[in-house]
Amino acid sequence: MSFIKTKFINFLRLVFPSAYTELAVFLFFITCYGIMGSYIALHYRIILDDRIPWDAYFSFDNKSILMTGGSFERHPLSYYFFNWIREFSLFISGGKTDATFRLTLAWLSNFVISLNIVQIFKYLKNIIRLPLMPSILIVLFFGAFSTNIILSFTPENFTYTLFLLSLYNYYAAIKLRQQEKTPAIALSLATITIGGLTVTNLVKVFIPVLFEKNLFKDWKKMGSAFIRGAIAIILYALLYLNRIDFKYQNIFSKTNQQYEKFSHVESMPTWDMILSFFFGGNILFPSFITSDKHNMKGFYFKALYMDLYSSVFSYLFIAIILILVGWSYFKNFRNKWVQIIMISFLVDIMIHCVMRFGLHTSYIYGGHFVFIYPLLIGWLFYAYRTSPKIISALTLTVIVLCIYLVANNGYRMSEFFWFLDSYYQ
């Protein structure tokens, strides 16, 4: 009994704030996001309108995800997860999809995104072991990212994926620091939850295993890793096949259909979509454009999308971010934690930038990788911890970036509220 109790307490300490500074970070963000999300939920119907299945804002599929979990070929097990989310929200709202229902959904998203930021803060503090002030600065910067702002009130797969990926990266980093292997139970749970919500994230679960100490020098350790991986994949596959009544042929046909649908958009230059949407839109809002949409059943509505950047300052901002990330990677090239983060990022670069899947709306995929930016910036601070001048320069750079980010994203959110006032009251 004491073993189970200890494991449970350790789990709570891992997931939730376990120090006063962590609690302060959590309370700050849940308050900021909560005020905004509550206002949106109570005054507008953008979070959920029964008539709008998808695309009301930035291509998120709120109603579709809540009711069905999304397409099974991309979100294999999210059907079960969002059943719980929907039923809990309906229980709170008395079975109605009204303002209370929207408010519950918004606060669930707010809670999860705030916990996500706590995970990043824990990583900076406990894994990288940065001093308090740089850690606070980086999480403030991260908290103002457009992805976090939007997902803080959006009931979508990306919201929960972002939290789970941040949590798992922190957990895996702890195991590597303690020179321990990831247990089969934890690996299986991560595979089912992370890969279950979005199938392309499945590979990311196994990346930290490759960096376990002396893995490729000891046959027993390799065998252990293989068995743990096999158990996780088998459990995942069985749940996936059960979800589709073991009609596995549908996976391939639907996957091909989705790839053809979302990978052949030629309306904008590829390089600009990569900069403005994939690298940029999930951090720094560009301007917005509206579009006329309909729900295939005669209801017409306005949808909001992100446009390409039009200001040289926006491109410069993203360029500086990418320079910092690249600098951190090469400076910490021999650091296994940094390699794990970058390999995970390369998975998304391959899918969206090379294979071009969803590149024209890749700003919505930030929930799969946006957490890598604060972590790599944190590792850059760590690399120069004995160089006061460089640390000062880095601190000043992040402060300037943070000020610009808050100003830009604050202004763009005012435009978002204008959109809500005009079309979603």
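**Chat about a predicted model**

Trainee: Where does Asn 214 lie?
Mentor: Asn 214 is in the loop that links helix H10 (202-206) with helix H11 (219-243). Helices here are DSSP runs of H or I with at least four residues, strands are E runs of at least two, and both are numbered from the N terminus.

Trainee: And how are the residues numbered?
Mentor: Numbering starts from 1 along each chain as its sequence is written. This is a predicted model, where local features need pLDDT of at least 70, side-chain atom pairs count only at pLDDT 80 or more, and totals for chains, interfaces and linings use all residues, while side-chain values use heavy atoms, with hydrogens and water left out.

Trainee: Back to the loop, then. What is the phi of Asn 214?
Mentor: Phi of Asn 214 is positive, about 55 degrees, although this residue is not a glycine. Asn 214 counts as partly exposed because its relative accessibility is 36%; buried would be under 20% relative accessible area and exposed over 50%, with partly exposed in between (1.4 Å probe, protein chains only).

Trainee: What about Arg 356, what is phi there?
Mentor: Arg 356 has a positive phi near 65 degrees, and this residue is not a glycine either. Its place is in the loop between helix H15 (336-354) and helix H16 (372-383).

Trainee: Is Arg 356 buried or exposed?
Mentor: Buried, because the relative accessible area of Arg 356 is 16%.

Trainee: Let's move on to helix H16. What does Ile 372 touch?
Mentor: Ile 372 is in helix H16. Leaving aside neighbours within four places in sequence, Ile 372 is in contact with Ile 341 and Phe 345, contact meaning heavy atoms within 4.5 Å. Ile 372 has a relative accessible area of 0%, so this residue is buried.

Trainee: How far apart are the C-alpha atoms of Ile 372 and Val 325?
Mentor: They are separated by 8.8 Å, and the two residues are 47 residues apart along the chain.

Trainee: Which residues does Thr 104 touch?
Mentor: Not counting residues up to four places away in sequence, Thr 104 touches Phe 88, Ser 89 and Ile 92. Thr 104 sits in helix H5 (residues 99-127) and is buried, because its relative accessible area is 10%.

Trainee: New topic: how many disulfides are there?
Mentor: Zero, counting a disulfide as a pair of cysteine sulfur atoms within 2.5 Å. Cys 32 is in no disulfide, and the nearest cysteine sulfur, that of Cys 402, is 12 Å away. Cys 32 is partly exposed because its relative accessible area is 39%, whereas Cys 353 counts as buried because its relative accessibility is 13%.

Trainee: Now the whole protein. How many helices and strands are there?
Mentor: The protein has 17 helices and two strands. Of its 425 residues, 55% count as buried.

Trainee: How does the radius of gyration come out?
Mentor: It is 21 Å, which agrees with a compact globule, because 425 residues in such a globule would give a value near 22 Å. The radius is taken over C-alpha atoms, and the globule rule is 2.2 Å times the number of residues to the power 0.38. Along its principal axes, the C-alpha trace spans about 65 × 55 × 45 Å.

Trainee: What share of the contacts comes from residues 24 or more positions apart?
Mentor: Such residues account for 76% of the contacts with a separation of 6 or more.
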